[in-house]
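User: I am new to reading protein structures and would like to go through one slowly. Could you show me how to read its features, giving the general idea before each case?

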Amino acid sequence: QVQLVQSGGGLVQAGGSLRLSCVITGRASSTAPMAWFRQAPGQDREFVAASAHIGYTVSTHYADSVKGRFIISRDIFKNTVYLQMNSLKSEDTAVYFCAYSTGVELTADRSSYAYWGQGTQVTVSS
């Protein structure tokens with residue numbers, strides 16, 4: 001079984017930065033695709049960023065709304081995935097979830113991710 005434990009959320013002013021962490025435990029693949037999603041009040045859970053190993057290449061993909069501002073990265077030795085969030089806007093306010101895929105492809109499809117973190121609140125004040 002795979003478990004994901006998140007940390008790093010909080011309150012920040014618009015224009016500021018936060019870094020979220022997701023520690024992966026259990027029988028997890030070191031090359032499994034990982035992603036971040038978020039859900040604002042009254043909204044559907046939406047894709048934010050993903051990272052996957054394709055052969056010897058590490059690929060990333062970002063939602064248009066965060067491209068150029070957010071960075072997904074991974075420390076294989078610590079089994080940790082990060083989401084660095086810069087130039088935060090009030091519309092970034094949401095509960096953020098990390099997710100683990102049992103597949104092999106880089107994807108923004110929620111159904112591809114079988115394991116989820118507990119979620120962490122990010123609030124951006126204007």
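User: How many of the nine residues of S5 are buried, and why is S5 said to be largely enclosed?

Analyst: A residue is called buried when its relative accessible area is under 20%, exposed when that value is over 50%, and partly exposed in between, using a 1.4 Å probe and protein chains only. Strands are DSSP E runs of at least two residues, helices are H or I runs of at least four, and both are numbered from the N terminus. In S5, seven of the nine residues are buried, so the strand is largely enclosed by the rest of the structure. Please keep in mind that this is a predicted model, in which local features need pLDDT of at least 70 and side-chain atom pairs count only at pLDDT 80 or more, whereas totals for chains, interfaces and linings use all residues. Residues are numbered from 1 along each chain as its sequence is written, and side-chain values use heavy atoms, with hydrogens and water left out.

User: What does the protein look like as a whole, and how many helices and strands has it?

Analyst: One begins with the elements and then turns to the overall dimensions. The protein has zero helices and eleven strands, and 40% of its 126 residues count as buried. Its C-alpha trace spans about 40 × 30 × 25 Å along the principal axes. The radius of gyration is taken over C-alpha atoms, and the globule rule is 2.2 Å times the number of residues to the power 0.38. For 126 residues a compact globule would have a radius near 14 Å, and the protein agrees with this, because its own value is 14 Å.

User: Which strands pair with S5, and in what sense?

Analyst: Two strands pair if DSSP finds at least two bridges between them. S4 and S5 run antiparallel and are joined by five bridges, with Met34 having Ser51 as its bridge partner in S5. These two strands form a hairpin with six residues between them, and Gly42 in the turn has a positive phi of about 75°. S5 also pairs with strand S6 (residues 57-62) in the antiparallel sense, over six bridges, and here Ala52 stands opposite Ser59 in S6. The hairpin of S5 and S6 has two residues between the strands, and Gly55 takes a positive phi near 65° in it.

User: In what order do the four strands of the open sheet lie?

Analyst: The order is S1-S3-S8-S7, and the pairing is antiparallel. S1 and S7 are the edge strands, each pairing on one side only. Between S3 and S8 there are six bridges in the antiparallel sense, and Ser21 stands opposite Tyr82 in S8.

User: Which residues touch the most other members of the largest nonpolar core?

Analyst: A nonpolar core is a set of buried Ala, Val, Leu, Ile, Met, Phe, Trp, Tyr and Cys residues joined through side-chain atoms within 4.5 Å. The largest one has 33 residues, of which Leu4, Trp36, Val48, Phe70, Leu83, Met85 and Tyr96 touch the most other members. S9 gives the most to this core, with five residues. Contact means heavy atoms within 4.5 Å, and, leaving aside neighbours within four places in sequence, Phe70 is in contact with residues including Val48, Leu83, Met85 and Tyr96.

User: How many salt bridges does the structure hold, and which residues are linked in a network of them?

Analyst: Side chains of opposite charge can pair when their charged atoms come close. A salt bridge is a side-chain nitrogen of Lys or Arg within 4 Å of a carboxyl oxygen of Asp or Glu. The structure holds four of them, and Arg38, Glu46, Arg69 and Asp92 are linked in a network. Arg38 forms one with Glu46, where the closest N and O atoms are 2.7 Å apart; Arg38 is buried at 5% relative accessible area, whereas Glu46 is partly exposed at 36%. Arg38 also meets Asp92 in a salt bridge (2.9 Å, N to O). Because Arg38 lies in S4 and Asp92 in the loop between S8 and S9, this pair ties together parts that are 54 residues apart in sequence.

User: Are Asp64 and Lys67, which meet in another salt bridge, buried or exposed?

Analyst: Asp64 is exposed, with a relative accessible area of 67%, and Lys67 is exposed as well, at 52%. Their side chains meet at 3.4 Å, N to O.
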